[in-house]
2 protein chains.
Amino acid sequence: MNLLLKDCRVIVTQNRNRDVLENFDVLIADGKIERIEKNIEADSKDFEVVDCKNKIVMPGLINSHTHAAMTLLRGYRDDLPLDEWLNEVWKVEAKLNEKFVRIGTLMACLEMIKTGTVCFVDMYYFSEGARDAVRESGMRAFLGPAIIDLFDEERKEKSVKEAKRFIEALIKENDERIKPVVSPHAIYTCSEDLLLESKEMSEAHNLKLTMHLSETRKEVCWCMKKYNMRPVDYLEKTGLLNERFVAFHSLWLTKEEIRKMGRYKVGAVHCPASNMKLATGGALAYREMRESGVLVSLGTDGACSNNSLDMFREMKFAALLQKWFRWNAGEMLAQQALDMATVNAARLFELNTGAVEIGRDADLIMLDATHYRLLPLKHAVSNIVYSATGDCVTDTMVKGEFLMRDGSLLTLDEERVKEEFGKAVEELIDEGTK
Amino acid sequence: MNLLLKDCRVIVTQNRNRDVLENFDVLIADGKIERIEKNIEADSKDFEVVDCKNKIVMPGLINSHTHAAMTLLRGYRDDLPLDEWLNEVWKVEAKLNEKFVRIGTLMACLEMIKTGTVCFVDMYYFSEGARDAVRESGMRAFLGPAIIDLFDEERKEKSVKEAKRFIEALIKENDERIKPVVSPHAIYTCSEDLLLESKEMSEAHNLKLTMHLSETRKEVCWCMKKYNMRPVDYLEKTGLLNERFVAFHSLWLTKEEIRKMGRYKVGAVHCPASNMKLATGGALAYREMRESGVLVSLGTDGACSNNSLDMFREMKFAALLQKWFRWNAGEMLAQQALDMATVNAARLFELNTGAVEIGRDADLIMLDATHYRLLPLKHAVSNIVYSATGDCVTDTMVKGEFLMRDGSLLTLDEERVKEEFGKAVEELIDEGTK
């Protein structure tokens, strides 16, 4: 489908100059942005004209860290610190299978499409289920089957083998929208051998290697005790640090560790709401990372520790947390929060999206420019980051194909997803409503 | 109108036991909750039956601190610290009049009704405009014309006189839904004489006295320098502290000041998003306040420093900020955040609302229990605080009268409000879209 987005009230381009355009048209051909001009004339035989005079057009958001299927566990065991919470969650996760993961991920895709996210980076189990769900939804995703051994040799072999099987199969499928990543869970759950085999896999297929890093002080203390060095130094020693490495959370780091991440061109993903809810104490040192050349993007983490996958809410948490904890209202600007969720993420995961720019894939969303949350519409970027929620989104498209149009889902049947999801939850969690 | 809310999927009662009920009915007669039982039979001649089997019924939220008309300035001069930001804002506010305040407040009421707020506490200028807007909307409000003199005797007399005139007129109107409060702005903008006259007014009419308190370190330093004592000690000396006093923000307080607030039965209002955005650095010491008997409720502050009036978002900010900055995931539970926005606020402002309980006024809201944000619906309070946004709200009522029903506004004409608001903004702010 070729589209002409006509008379866009505002386009937040996220191009190099961060231009915000008023009353421009966007021509999309073969899934790519071909022209951005005023008053484009196009043959209506070749192009469907979409009236955008009440729309804000902007790049679709990229959720750089989540565990999508954990929608199944939304609201489960809140208000516990990370380690206790993980133990509770692991008990339920032991009952998971591919079927549960598929429907959990499908519900996550539904929430993400509705709230303007076009692509996400997943780390979870039974990733075949996730793959099927993502394919049904039409979204983009990077799927990382969690690799974890708890320092048990047998478990390591099984986990690495399963990940390898999934990753190699997915590479063969050659799906432009669904790509694998190599996802060892964390240094405190993975042996050095596991990390080295993960690194090999990442190098062999030129894949990103994503991992939780320095999320809690406990993890850092554990690392100091076990390896007599800090986490980033340990990863350097094992040879894991390179431009393929993406570190989730990245909270309890020294300046020296951050400089080291910059030198190795490691990327970082900030998950402020999850960090706040799990009371990790630390916050990502955005200023130091920027100064050290660490590219930072944004993620919601799973629906069990957030408990929302709405990237609009996440941008606000990111900007406000940085301002507040550094006692500096200019610490992270609205523009910088939006960058994390768009262009930074696209660069980090080598996507040709994240901006409304000629030559980019048309992974775009539209917001209702007359939504009460967005009035007055004087400062579009401010409104997007501080005022909007995902509920302002009316249209979500990947490669010029609508996944949601004027509020209606086109790829997913909402009622069916909800029904199937409800049944799965009843099967998985044996608790009434509280 | 008498109503029978039939087969409520979940009722989050906020009663003394914080009961969460499934499949109960609620009978509302003459604006009051009369019965809460299973299978109530009522004569359909006398009661309109409302099907609630897909609804979460809960008390309407109370926004304990805002400057409603500042919707006009949403997105204006973001990312500045409080004092610089205030200077910028004051330049625009110098152009305000009753007409601007009316339409700004009307837009705020629209946003609040849509996001489940039934009552708010306002501090602003030209409060006649606010009063007219609130009356049109059908909401409840406490209106406080800001009293401020910047230590200028003439200005003091004018400001006190205007406030007195507004307050006495409003008392005479005897509107059950719209009540005055006495609102000196802050210790750093108000002379001692002004505070004393405010106190007199509050005592003469038995009204709450609301004031910004210890929002920044700068304010505390200023007070130490000018009066050689901390803000709460200064207020004690001037005789302002009593059970009528409600302190907005209340961030930079010592434990001794908090204990003093508790002894005088002073109330406090937490505004986490605004505090974070303006980088005040401090956070309300919720634990110490609770231990000292200070009743704490919740507010969004104005749409210019937040930039949202959605109390659902505010509850999440409150709980997550407390957890994160005290390094304790149990520091503020979802239940406690919900209490701040309902029962605590009702107690603080002596409202017979804030809970779904027999004898209370039926200031209720309903959420779509099938909304994707709220699935699975296993832990209703968690979902309300951590997952919901105001967009989950379908119905808002005050005293059993719908202000919004099934998503449609009944008291306000959305198109007309938006149109009038748009024109007012163009007149007030001479800037294009950025």
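Strand here means a DSSP run of E of at least two residues, a helix is a run of H or I of at least four, and both are numbered from the N terminus.

Quick housekeeping. This is a predicted model, where local features need pLDDT of at least 70, side-chain atom pairs count only at pLDDT 80 or more, and totals for chains, interfaces and linings use all residues. Residues are numbered from 1 along each chain as its sequence is written, and chains are lettered from A, ligands numbered from 1, in the order in which they are written.

Back to that bridge. β12 (residues 245–249) and β13 (residues 267–270) of chain B run parallel and are joined by 3 bridges; two strands count as paired if DSSP finds at least two bridges between them. Zoom out, and you get an open sheet of 4 strands in chain B, ordered β11-β12-β13-β14, with parallel pairing. β11 (209–213) and β14 (296–298) of chain B sit at the edges with a single partner strand each, so one side of each has no neighbour in the sheet.

Now, how do the two chains meet? 55 residues of chain B are in contact with 55 residues of chain A, contact meaning C-beta atoms, placed from the backbone, within 7 Å. On chain B's side, the largest share, 5 residues, comes from α14(B). That side divides into 26 nonpolar, 15 polar and 14 charged residues. For the classes, Ala, Val, Leu, Ile, Met, Phe, Trp, Tyr, Cys and Pro are nonpolar, Asp, Glu, Lys and Arg are charged, and the others, Gly among them, are polar.

What about symmetry? Chain B can be laid on chain A with an RMSD of 0.0 Å, by a turn of 180° and a shift of 0.0 Å along the axis. The two copies are thus related as by a two-fold rotation axis. The superposition is by least squares on C-alpha atoms of residues with pLDDT of at least 70 in both copies. And the same surface serves both: 100% of the contact residues of chain B recur in chain A. Of chain B's residues, B:D391 comes closest to the rotation axis, at 3.4 Å (C-alpha).

Last stop: A:N307, in the loop between β14 (296–298) and α11 (311–325) of chain A. Is A:N307 buried or exposed? A:N307 is buried, because 30 other C-beta atoms lie within 10 Å; the cut-offs are 20 or more for buried, 12 or fewer for exposed, and partly exposed in between. Leaving out residues up to four places away in sequence, A:N307 touches A:R74, A:G75, B:S382, B:Y386 and B:S387.

Definitions and conventions: Two residues are in contact if their C-beta atoms, placed from the backbone, lie within 7 Å.
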